[in-house]
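Colleague: Hi! Could you walk me through this one? I have a few quick questions.

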Amino acid sequence: MHTSRQLQIPILHIFLMLCLLALIAVPPAMAKPRGGNWFDDRAAARGGGASIRIDLSEQRAYLYKGGKLVGVSRISSGKRGYSTRPGHFRVLSKHPHHRSSIYGSYVDRRTGRVVRSNVNTRKHRRPAGTVYRGAKMNNYIRFNGGIGLHASGHVPRHPASHGCVRMPPHMARKFYRHVRVGTPVRVTH
């Protein structure tokens, strides 16, 4: 005669196996963590035309290939007074090692020591004996005038840039790899 304890163990095993199978069967887009970054390298490699959607209210960028979502990245868009403009755009250019022509630091010409950081070349005069060094904007994907997506070591979960769309470096590399000049970019609220 079977006891209730003997029946519980096989039922528990069956239940756990079904849960594991359900998790394995979930498409990657459904399994992505809600608060983090996610990228499906296999789906992105399969091809199809790329497109990017930047959601300013969510502070997220979405990469699609062939109409399928293949990646999600947290972003930090333009802060008040420098907001990232919504609209429909296209990738205008790509630069793997871009530097800002407006924001950066003045450094001593001889030593390379930073004399003044966080400068805006439109507002701050260059001190004598210094040169301008633009802020790094690696994996820069320009889509609206001088505005673009790029890697940054500082990506808070709120608008904080001068209009560009900051991304964590590993996600900026992935987006950069999978888009071309002409790729549609849609910026929404």
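Colleague: Where does N118 sit?

Modeller: N118 is in strand β7, residues 114–120. Helices (H or I, at least four residues) and strands (E, at least two) are DSSP runs, numbered from the N terminus. Before we go on: this is a predicted model, where local features need pLDDT of at least 70, side-chain atom pairs count only at pLDDT 80 or more, and totals for chains, interfaces and linings use all residues. Residues are numbered from 1 along each chain as its sequence is written, and side-chain values use heavy atoms, with hydrogens and water left out.

Colleague: Thanks! What is phi for N118?

Modeller: Near 55 degrees, a positive value in a residue other than glycine. Most residues other than glycine have a negative phi. N139, in strand β8, also has a positive phi, near 55 degrees.

Colleague: OK, zooming out. How many helices and strands does the protein have?

Modeller: There are 4 helices and 11 strands. Of the 189 residues, 40% are buried.

Colleague: In which sense do β5 and β11 pair?

Modeller: Antiparallel, over 4 bridges, with β11 covering residues 184–188. R90 stands opposite P184 in β11.

Colleague: What about the largest nonpolar core, how many residues does it have?

Modeller: It has 26 residues, and I52, I54, L63, F143, L149, F175 and V185 have the most contacts inside it. The largest share, 4 residues, comes from α4. By nonpolar core I mean a set of buried Ala, Val, Leu, Ile, Met, Phe, Trp, Tyr and Cys residues joined through side-chain atoms within 4.5 Å.

Colleague: Which residues is L149 in contact with, beyond its sequence neighbours?

Modeller: Leaving aside neighbours within four places, they include I52, I54, F143 and V165, and N139 is one of them too. Contact means heavy atoms within 4.5 Å.

Colleague: Switching to charges: how many salt bridges are there?

Modeller: The count is 2, taking a salt bridge as a side-chain nitrogen of Lys or Arg within 4 Å of a carboxyl oxygen of Asp or Glu. D41 and K174 meet at 3.0 Å, N to O. That pair links helix α3 to helix α4, 133 residues apart. D41 is partly exposed at 37%, while K174 is buried at 17%.

Colleague: And what distance separates D55 and R53 in their salt bridge?

Modeller: 3.3 Å, N to O. D55 is buried with a relative accessible area of 7%, and R53 counts as buried at 16%.

Colleague: What does the R166 side chain reach, then?

Modeller: The backbone oxygen of A160, at 3.3 Å. R166 itself lies in strand β10, residues 165–167, and among the residues it touches are R74, H150 and H154.

Conventions: A polar contact is a pair of N or O atoms within 3.5 Å; within protein, one must be able to donate a hydrogen and the other to accept it, and residues adjacent in sequence count only if both atoms are side-chain atoms. Two strands pair if DSSP finds at least two bridges between them. Buried means under 20% relative accessible area, exposed over 50%, partly exposed in between (1.4 Å probe, protein chains only).
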